[in-house]
Amino acid sequence: MSALYPQVIGHRGASGYLPENTLAAVELAHQQGVDWIECDVVLTKDNEALVLHDVELDLVTDVATKYPDRARADGRYYALDFTLEEIRVLRSRVRLNHELSHVLYERRFATPPEPQPLVTLVEWLEAMQRLNGTAGREVGICVELKGPVYHAKAGHDLPGKVAKILEKYGYNHTAARCLMMSFEPPVLQWMRRELDWQSPMLQLIGQPEWGESDFDYARLLTPLGLEEIAQYATWIGPHLPQVITLEANQPPCSTGVVELAQNCGLRVASYTFQHEALPEGHTLPALLDYAIGPLGLDMPISDFPDVAMAAVKRFRAGDV
(Lines give C-alpha, C1' and ligand atoms only; values in the text may rest on other atoms or scores of the structure.)
Protein backbone atom coordinates (compact mmCIF):
# COMPACT_ATOMS: atom_id res chain seq x y z
CA MET A 1 0.00 0.00 0.00
CA SER A 2 1.24 3.48 -0.89
CA ALA A 3 2.28 5.82 1.90
CA LEU A 4 -0.65 8.01 0.82
CA TYR A 5 -3.11 5.33 1.85
CA PRO A 6 -5.28 4.30 3.62
CA GLN A 7 -7.57 7.29 3.26
CA VAL A 8 -11.22 7.75 4.24
CA ILE A 9 -14.31 8.75 2.27
CA GLY A 10 -17.14 10.34 4.24
CA HIS A 11 -20.25 8.67 2.81
CA ARG A 12 -22.78 11.42 1.95
CA GLY A 13 -20.87 13.49 4.49
CA ALA A 14 -20.98 12.36 8.11
CA SER A 15 -24.31 10.68 7.42
CA GLY A 16 -24.22 8.56 10.57
CA TYR A 17 -24.65 11.73 12.60
CA LEU A 18 -26.52 14.24 10.43
CA PRO A 19 -28.94 14.09 7.48
CA GLU A 20 -27.16 12.63 4.48
CA ASN A 21 -25.95 14.79 1.59
CA THR A 22 -26.70 18.02 3.46
CA LEU A 23 -24.23 20.83 4.04
CA ALA A 24 -24.37 20.12 7.78
CA ALA A 25 -23.17 16.55 7.14
CA VAL A 26 -20.45 17.82 4.79
CA GLU A 27 -19.18 20.30 7.36
CA LEU A 28 -19.04 17.68 10.10
CA ALA A 29 -17.20 15.16 7.90
CA HIS A 30 -14.71 17.86 6.94
CA GLN A 31 -14.14 18.71 10.61
CA GLN A 32 -13.60 15.02 11.37
CA GLY A 33 -10.59 15.03 9.07
CA VAL A 34 -11.69 12.90 6.12
CA ASP A 35 -9.70 12.79 2.90
CA TRP A 36 -12.75 12.72 0.62
CA ILE A 37 -16.46 13.45 0.86
CA GLU A 38 -18.97 11.67 -1.37
CA CYS A 39 -22.22 13.03 -2.72
CA ASP A 40 -24.89 11.70 -5.08
CA VAL A 41 -26.44 13.68 -7.92
CA VAL A 42 -29.78 13.52 -9.74
CA LEU A 43 -31.58 16.04 -11.95
CA THR A 44 -34.74 18.06 -11.37
CA LYS A 45 -37.54 18.73 -13.85
CA ASP A 46 -35.83 21.96 -14.89
CA ASN A 47 -32.48 20.17 -15.31
CA GLU A 48 -30.77 21.39 -12.16
CA ALA A 49 -28.17 19.09 -10.59
CA LEU A 50 -29.47 18.15 -7.13
CA VAL A 51 -27.50 16.41 -4.39
CA LEU A 52 -29.71 13.44 -3.52
CA HIS A 53 -29.04 9.73 -3.19
CA ASP A 54 -32.26 8.45 -4.76
CA VAL A 55 -34.16 9.39 -7.89
CA GLU A 56 -37.16 9.52 -5.52
CA LEU A 57 -37.60 12.26 -2.94
CA ASP A 58 -39.77 10.47 -0.38
CA LEU A 59 -37.12 8.30 1.28
CA VAL A 60 -35.35 11.27 2.88
CA THR A 61 -37.66 14.29 2.65
CA ASP A 62 -41.11 15.50 3.65
CA VAL A 63 -42.29 15.69 0.03
CA ALA A 64 -45.44 13.63 0.70
CA THR A 65 -46.53 16.20 3.28
CA LYS A 66 -45.65 19.24 1.19
CA TYR A 67 -46.99 17.88 -2.13
CA PRO A 68 -49.54 15.15 -1.29
CA ASP A 69 -51.01 15.10 -4.81
CA ARG A 70 -47.75 14.84 -6.78
CA ALA A 71 -46.96 11.13 -6.51
CA ARG A 72 -46.76 8.99 -9.62
CA ALA A 73 -49.00 5.95 -10.13
CA ASP A 74 -46.60 3.85 -8.06
CA GLY A 75 -47.12 6.16 -5.08
CA ARG A 76 -43.57 7.55 -5.20
CA TYR A 77 -42.32 11.12 -5.66
CA TYR A 78 -39.57 11.60 -8.23
CA ALA A 79 -37.08 14.47 -8.37
CA LEU A 80 -37.55 14.68 -12.13
CA ASP A 81 -41.19 15.70 -11.55
CA PHE A 82 -40.30 18.77 -9.48
CA THR A 83 -38.55 22.02 -10.29
CA LEU A 84 -35.72 23.22 -8.10
CA GLU A 85 -37.95 26.02 -6.80
CA GLU A 86 -40.49 23.43 -5.66
CA ILE A 87 -37.78 21.30 -4.05
CA ARG A 88 -36.45 24.30 -2.12
CA VAL A 89 -39.38 24.06 0.33
CA LEU A 90 -38.61 20.44 1.23
CA ARG A 91 -36.69 19.45 4.33
CA SER A 92 -34.69 16.34 5.10
CA ARG A 93 -35.72 13.66 7.53
CA VAL A 94 -34.25 10.39 8.72
CA ARG A 95 -34.04 7.85 5.87
CA LEU A 96 -36.85 5.34 5.54
CA ASN A 97 -36.53 1.84 4.13
CA HIS A 98 -37.39 1.42 0.46
CA GLU A 99 -40.96 0.32 1.26
CA LEU A 100 -41.42 3.52 3.33
CA SER A 101 -42.67 1.39 6.23
CA HIS A 102 -40.13 2.32 8.91
CA VAL A 103 -36.93 4.19 9.65
CA LEU A 104 -33.98 2.39 8.08
CA TYR A 105 -31.53 2.90 10.95
CA GLU A 106 -33.78 2.95 13.99
CA ARG A 107 -30.98 3.25 16.55
CA ARG A 108 -28.78 5.66 14.64
CA PHE A 109 -30.01 9.00 15.98
CA ALA A 110 -30.53 9.25 19.73
CA THR A 111 -31.94 12.71 19.10
CA PRO A 112 -33.70 13.33 15.78
CA PRO A 113 -31.41 15.52 13.65
CA GLU A 114 -32.52 19.01 12.69
CA PRO A 115 -34.21 18.97 9.27
CA GLN A 116 -32.02 20.42 6.52
CA PRO A 117 -32.73 21.82 3.04
CA LEU A 118 -31.61 19.95 -0.05
CA VAL A 119 -28.79 21.58 -2.03
CA THR A 120 -27.64 21.75 -5.61
CA LEU A 121 -24.32 20.36 -6.79
CA VAL A 122 -23.10 23.93 -7.29
CA GLU A 123 -23.93 24.80 -3.68
CA TRP A 124 -22.27 21.59 -2.49
CA LEU A 125 -19.08 22.31 -4.46
CA GLU A 126 -18.89 25.88 -3.27
CA ALA A 127 -19.28 24.72 0.32
CA MET A 128 -16.48 22.17 -0.18
CA GLN A 129 -14.16 24.76 -1.69
CA ARG A 130 -14.97 27.21 1.11
CA LEU A 131 -14.26 24.58 3.77
CA ASN A 132 -11.02 23.58 2.04
CA GLY A 133 -9.89 27.19 1.94
CA THR A 134 -10.67 27.75 5.61
CA ALA A 135 -8.96 24.51 6.70
CA GLY A 136 -5.95 24.96 4.43
CA ARG A 137 -6.20 21.44 3.04
CA GLU A 138 -7.95 19.97 0.03
CA VAL A 139 -10.52 17.35 0.85
CA GLY A 140 -11.38 15.55 -2.37
CA ILE A 141 -14.85 15.19 -3.85
CA CYS A 142 -16.50 11.93 -4.92
CA VAL A 143 -19.46 12.56 -7.22
CA GLU A 144 -21.78 9.63 -7.85
CA LEU A 145 -24.09 9.81 -10.85
CA LYS A 146 -27.40 8.29 -9.77
CA GLY A 147 -29.30 6.49 -12.50
CA PRO A 148 -27.77 7.97 -15.67
CA VAL A 149 -29.66 5.50 -17.87
CA TYR A 150 -32.92 6.27 -16.03
CA HIS A 151 -32.33 9.98 -16.68
CA ALA A 152 -31.47 9.38 -20.35
CA LYS A 153 -34.73 7.50 -20.89
CA ALA A 154 -36.54 10.56 -19.51
CA GLY A 155 -34.64 12.85 -21.90
CA HIS A 156 -32.09 14.23 -19.41
CA ASP A 157 -28.29 14.09 -19.75
CA LEU A 158 -27.07 13.62 -16.19
CA PRO A 159 -23.37 12.94 -16.99
CA GLY A 160 -23.17 15.88 -19.38
CA LYS A 161 -24.79 18.28 -16.91
CA VAL A 162 -22.55 17.20 -14.05
CA ALA A 163 -19.42 17.30 -16.21
CA LYS A 164 -20.10 20.92 -17.23
CA ILE A 165 -20.49 21.97 -13.61
CA LEU A 166 -17.39 20.14 -12.42
CA GLU A 167 -15.31 21.51 -15.30
CA LYS A 168 -16.40 25.05 -14.42
CA TYR A 169 -15.15 24.50 -10.88
CA GLY A 170 -11.78 23.17 -12.03
CA TYR A 171 -12.12 19.41 -11.59
CA ASN A 172 -11.54 18.09 -15.12
CA HIS A 173 -7.84 17.28 -15.11
CA THR A 174 -5.77 14.23 -14.28
CA ALA A 175 -4.54 15.56 -10.92
CA ALA A 176 -7.96 16.74 -9.76
CA ARG A 177 -9.09 15.69 -6.31
CA CYS A 178 -12.28 14.43 -7.91
CA LEU A 179 -13.54 10.87 -8.27
CA MET A 180 -16.32 10.37 -10.81
CA MET A 181 -18.43 7.43 -9.67
CA SER A 182 -21.21 5.34 -11.16
CA PHE A 183 -22.70 1.85 -10.95
CA GLU A 184 -23.12 1.92 -14.75
CA PRO A 185 -19.85 1.08 -16.57
CA PRO A 186 -20.91 2.35 -20.03
CA VAL A 187 -21.54 5.81 -18.57
CA LEU A 188 -18.01 6.21 -17.23
CA GLN A 189 -16.59 4.80 -20.46
CA TRP A 190 -18.69 7.27 -22.46
CA MET A 191 -17.45 10.18 -20.34
CA ARG A 192 -13.85 9.19 -21.02
CA ARG A 193 -14.44 8.74 -24.73
CA GLU A 194 -16.97 11.41 -25.66
CA LEU A 195 -16.49 14.10 -23.02
CA ASP A 196 -12.72 13.65 -22.70
CA TRP A 197 -13.17 13.47 -18.93
CA GLN A 198 -9.74 13.55 -17.27
CA SER A 199 -10.19 13.17 -13.51
CA PRO A 200 -9.89 9.76 -11.83
CA MET A 201 -12.90 7.45 -11.97
CA LEU A 202 -14.28 4.90 -9.53
CA GLN A 203 -16.38 2.04 -10.85
CA LEU A 204 -18.97 1.13 -8.23
CA ILE A 205 -19.95 -2.54 -8.12
CA GLY A 206 -23.27 -3.79 -6.79
CA GLN A 207 -24.46 -7.20 -5.78
CA PRO A 208 -25.75 -9.41 -8.61
CA GLU A 209 -28.85 -10.32 -6.58
CA TRP A 210 -29.94 -6.70 -6.16
CA GLY A 211 -31.69 -6.97 -9.51
CA GLU A 212 -31.54 -3.21 -10.11
CA SER A 213 -29.26 -3.25 -13.12
CA ASP A 214 -28.56 -4.82 -16.47
CA PHE A 215 -24.85 -4.95 -15.64
CA ASP A 216 -23.05 -8.18 -14.79
CA TYR A 217 -21.42 -7.20 -11.51
CA ALA A 218 -20.13 -10.72 -10.83
CA ARG A 219 -18.17 -10.58 -14.07
CA LEU A 220 -16.66 -7.20 -13.12
CA LEU A 221 -14.98 -8.87 -10.14
CA THR A 222 -13.20 -11.47 -12.30
CA PRO A 223 -9.65 -10.87 -13.54
CA LEU A 224 -10.99 -10.11 -17.03
CA GLY A 225 -13.63 -7.72 -15.71
CA LEU A 226 -11.12 -5.91 -13.50
CA GLU A 227 -8.66 -5.56 -16.37
CA GLU A 228 -11.43 -3.98 -18.45
CA ILE A 229 -12.25 -1.54 -15.66
CA ALA A 230 -8.58 -0.57 -15.42
CA GLN A 231 -8.77 0.72 -19.00
CA TYR A 232 -10.92 3.68 -17.90
CA ALA A 233 -10.96 3.81 -14.09
CA THR A 234 -8.40 4.02 -11.31
CA TRP A 235 -10.62 2.64 -8.58
CA ILE A 236 -13.30 0.08 -7.93
CA GLY A 237 -15.94 0.44 -5.23
CA PRO A 238 -17.27 -3.01 -4.31
CA HIS A 239 -19.91 -3.68 -1.69
CA LEU A 240 -18.35 -4.58 1.67
CA PRO A 241 -19.47 -8.27 1.57
CA GLN A 242 -17.69 -8.59 -1.78
CA VAL A 243 -14.33 -7.94 -0.12
CA ILE A 244 -14.81 -9.27 3.42
CA THR A 245 -16.63 -12.37 4.62
CA LEU A 246 -18.23 -11.77 8.01
CA GLU A 247 -19.79 -14.52 10.09
CA ALA A 248 -21.00 -14.31 13.66
CA ASN A 249 -18.23 -14.74 16.25
CA GLN A 250 -15.68 -15.61 13.55
CA PRO A 251 -12.65 -13.56 12.41
CA PRO A 252 -13.20 -11.55 9.22
CA CYS A 253 -11.81 -13.16 6.05
CA SER A 254 -10.75 -11.74 2.72
CA THR A 255 -12.66 -12.80 -0.38
CA GLY A 256 -9.54 -12.14 -2.46
CA VAL A 257 -11.10 -9.26 -4.40
CA VAL A 258 -8.86 -6.54 -2.95
CA GLU A 259 -5.66 -8.38 -3.85
CA LEU A 260 -7.02 -9.30 -7.28
CA ALA A 261 -7.98 -5.70 -8.07
CA GLN A 262 -4.70 -4.28 -6.81
CA ASN A 263 -2.83 -6.79 -8.97
CA CYS A 264 -4.71 -5.28 -11.93
CA GLY A 265 -3.44 -1.82 -11.00
CA LEU A 266 -6.66 -0.69 -9.35
CA ARG A 267 -7.21 0.79 -5.93
CA VAL A 268 -10.15 -0.33 -3.82
CA ALA A 269 -12.67 1.74 -1.86
CA SER A 270 -15.41 -0.37 -0.30
CA TYR A 271 -18.85 0.63 0.99
CA THR A 272 -20.38 0.99 3.51
CA PHE A 273 -18.63 0.86 6.87
CA GLN A 274 -21.29 1.46 9.52
CA HIS A 275 -22.28 0.18 12.94
CA GLU A 276 -25.55 -1.29 11.74
CA ALA A 277 -26.11 -4.87 10.56
CA LEU A 278 -22.78 -6.28 11.71
CA PRO A 279 -22.92 -9.94 12.78
CA GLU A 280 -22.60 -10.80 16.46
CA GLY A 281 -19.04 -10.53 17.68
CA HIS A 282 -18.04 -7.74 15.26
CA THR A 283 -17.64 -4.02 15.87
CA LEU A 284 -17.03 -1.21 13.41
CA PRO A 285 -13.61 -0.22 14.85
CA ALA A 286 -12.38 -3.82 14.71
CA LEU A 287 -13.72 -4.27 11.18
CA LEU A 288 -11.95 -1.11 10.04
CA ASP A 289 -8.71 -2.26 11.68
CA TYR A 290 -8.88 -5.47 9.68
CA ALA A 291 -9.86 -3.74 6.45
CA ILE A 292 -7.05 -1.21 6.35
CA GLY A 293 -4.57 -3.48 8.09
CA PRO A 294 -4.34 -7.14 7.04
CA LEU A 295 -6.78 -6.77 4.11
CA GLY A 296 -4.97 -3.78 2.62
CA LEU A 297 -8.08 -1.80 1.64
CA ASP A 298 -7.12 1.58 0.20
CA MET A 299 -10.16 3.52 1.36
CA PRO A 300 -13.16 2.65 3.53
CA ILE A 301 -16.34 4.51 2.65
CA SER A 302 -17.99 5.21 5.99
CA ASP A 303 -21.12 6.81 7.43
CA PHE A 304 -19.02 7.42 10.56
CA PRO A 305 -15.90 9.23 9.31
CA ASP A 306 -14.48 9.85 12.78
CA VAL A 307 -14.45 6.11 13.53
CA ALA A 308 -12.71 5.41 10.22
CA MET A 309 -10.17 8.19 10.78
CA ALA A 310 -9.38 6.77 14.23
CA ALA A 311 -8.63 3.41 12.59
CA VAL A 312 -6.31 5.10 10.09
CA LYS A 313 -4.46 6.77 12.96
CA ARG A 314 -4.06 3.41 14.70
CA PHE A 315 -2.74 1.89 11.48
CA ARG A 316 -0.19 4.66 10.94
CA ALA A 317 0.92 4.39 14.56
CA GLY A 318 1.56 0.69 14.06
CA ASP A 319 -1.22 -0.35 16.41
CA VAL A 320 -3.06 -2.46 13.80
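**Stop 1: helix 1**

Select helix 1 (residues 23-31), where A24, A25, V26, A29 and H30 are buried. Helices here are DSSP runs of H or I with at least four residues, strands are runs of E with at least two, and both are numbered from the N terminus. Buried means under 20% relative accessible area, exposed means over 50%, and partly exposed lies in between, with a 1.4 Å probe and protein chains only. Now show strand 2 (36-43), helix 4 and helix 13 (305-316), which are among what covers the buried residues of helix 1. Just after the helix, G33 has a positive phi of about 95 degrees.

**Before going on: the model**

This is a predicted model, in which local features need pLDDT of at least 70 and side-chain atom pairs count only at pLDDT 80 or more, while totals for chains, interfaces and linings use all residues. Residues are numbered from 1 along each chain as its sequence is written, and side-chain values use heavy atoms, leaving out hydrogens and water. The pLDDT is the predictor's confidence in each residue, from 0 to 100. Its mean over the protein is 96, and 99% of the residues reach 70 or more.

**Stop 2: the nonpolar cores**

A nonpolar core is a set of buried Ala, Val, Leu, Ile, Met, Phe, Trp, Tyr and Cys residues joined through side-chain atoms within 4.5 Å. Which residues touch the most other members of the largest core? Select L121, W124, L166, M180 and I236; the core has 68 residues. Helix 12 gives the largest share of this core, six residues. A second, separate core has 17 residues, including L52, Y67, Y77 and A79.

**Stop 3: R70**

Select R70 with Y67 and F82. A charge sits over a ring if NZ of Lys or CZ of Arg is within 6 Å of the ring centre and within 35 degrees of the ring normal. R70 lies over the face of Y67, 5.5 Å from the ring centre, and its charged end also sits over the ring of F82, at 4.3 Å from the centre.

**Stop 4: N97**

N97 is in the loop between helix 3 (84-87) and helix 4 (121-135). Is N97 buried or exposed? N97 is buried, with a relative accessible area of 7%. Its side chain reaches the backbone nitrogen of S101 at 2.8 Å. Contact means heavy atoms within 4.5 Å; leaving aside neighbours within four places in sequence, N97 is in contact with L59, H102 and L104.

**Stop 5: F183 and Y271**

Rings of Phe, Tyr and Trp (its six-membered ring) pair if their centres lie within 6.5 Å; planes under 30 degrees apart count as stacked, over 60 as edge-to-face and the rest as tilted. By this rule there are six aromatic pairs. One of them, F183 with Y271, is edge-to-face, at 6.0 Å centre to centre and 85 degrees between the planes. F183 lies in the loop between strand 5 (178-182) and helix 7 (185-194) and Y271 in strand 10 (residues 267-273), so the pair ties together parts 88 residues apart in sequence.

Technical notes. A polar contact is a pair of N or O atoms within 3.5 Å; within protein, one must be able to donate a hydrogen and the other to accept it, and residues adjacent in sequence count only if both atoms are side-chain atoms.
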